[in-house]
Amino acid sequence: AQGANKNLNSCTFCGVFRRYLLNRAARELGATKVCTGHNMDDEAQAVLINYLKGDLKRLARMGPKPALKTNEKFIPRIKPLRDIPEKEVALYALITKVGNYWGECPYVSGIRFEVRDFLNDVESKHAGTKFSFLRTFDAMLPVLRESVSRDGLAEITECENCGEPCSGEICKVCELLDKLGVDLATQETLVQELVK
């Protein structure tokens, strides 16, 4: 997939397809929410990465209650572990023998590891930093959302190709598959297999 476009890494493909499939499968199951396992470390890293990239619109969509326009095809996500440190989540999983994958993704790239290591280093020297960082972000979020809403959060529409919710004319899945040269009929076959 990386050869398709030098500006797109494996995380782009994984994230886009994972969110697409989770939303579609949840809707087909009749779910009203999608519960994810994002923990405090995940959230703090995402906030800092988006801050470093200057992506205010993405930051405005984050938080304990994401600010998104609504669409009947979009199943909202909730993050009940958002305030719990990764180590505590891992300890609980070990004690209760919850099935878990302990390895790191072999394809991850970019700034995430550097941000993770930075936050862990600061936390080890100043306990509670990650929690304070997230609480500060949450406190600033209403002002950030108001500022971003002046420019307008993207409306959720439906993809002209596949009909799934998106913020443009064509969803990111269809854009990526088009870059890979996958036609719509093949795309639908792939999606049906993955959703099963």
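**Entry 1**

I looked up Trp102 and found it in the loop between α4 (86-96) and α5 (112-125). Helices (H or I, at least four residues) and strands (E, at least two) are DSSP runs, numbered from the N terminus. I am working on a predicted model, where local features need pLDDT of at least 70, side-chain atom pairs count only at pLDDT 80 or more, and totals for chains, interfaces and linings use all residues. Residues are numbered from 1 along each chain as its sequence is written, and side-chain values use heavy atoms, with hydrogens and water left out.

Trp102 counts as partly exposed because its relative accessibility is 47%. My classes are buried (under 20% relative accessible area), exposed (over 50%) and partly exposed in between, with a 1.4 Å probe and protein chains only. Areas are Shrake-Rupley values with a 1.4 Å probe; for residues, only the protein chains shown count as cover.

**Entry 1: the whole chain**

I noted eight helices and four strands in the protein chain. Along the sequence they run α-β-α-α-β-α-α-α-β-β-α-α. Of the 196 residues, 30% count as buried. The accessible surface comes to about 12,700 Å², and 57% of it belongs to carbon and sulfur atoms. I also checked contacts (heavy atoms within 4.5 Å). Among those between residues at least 6 apart in sequence, 71% join residues at least 24 apart.

**Entry 2: helix α1**

Buried residues of α1 include Phe13, Phe17, Tyr20, Asn23 and Arg24. Gly30 follows α1 with a positive phi, near 80°.

**Entry 3: Glu164**

I found Glu164 in the loop between β3 (157-158) and β4 (165-166). Glu164 counts as buried because its relative accessible area is 4%. Beyond four places in sequence, Glu164 touches Tyr20, Asn23, Arg24, Arg27, Thr157, Glu158 and Cys159. A polar contact is a pair of N or O atoms within 3.5 Å; within protein, one must be able to donate a hydrogen and the other to accept it, and residues adjacent in sequence count only if both atoms are side-chain atoms. The side chains of Glu164 and Arg27 make one at 2.5 Å. Phe74 lies 90 residues from Glu164 in sequence, with 8.2 Å between their C-alpha atoms.

I checked α2 (residues 40-53) next: ten of its 14 residues are buried. Among them are Met40, Asp41, Glu43 and Asn50. At the start of α2, a side-chain oxygen of Asn39 comes within 2.9 Å of the backbone nitrogen of Asp41. Just after α2, Gly54 has a positive phi of about 70°.

What does the side chain of Asp41 join in a polar contact of 2.4 Å? The partner is the side chain of Lys130. Lys130 belongs to helix α6 (residues 129-151). It is buried, at 8% relative accessible area. Leaving aside neighbours within four places, Lys130 contacts Met40, Asp41, Leu119, Asn120 and Glu123.
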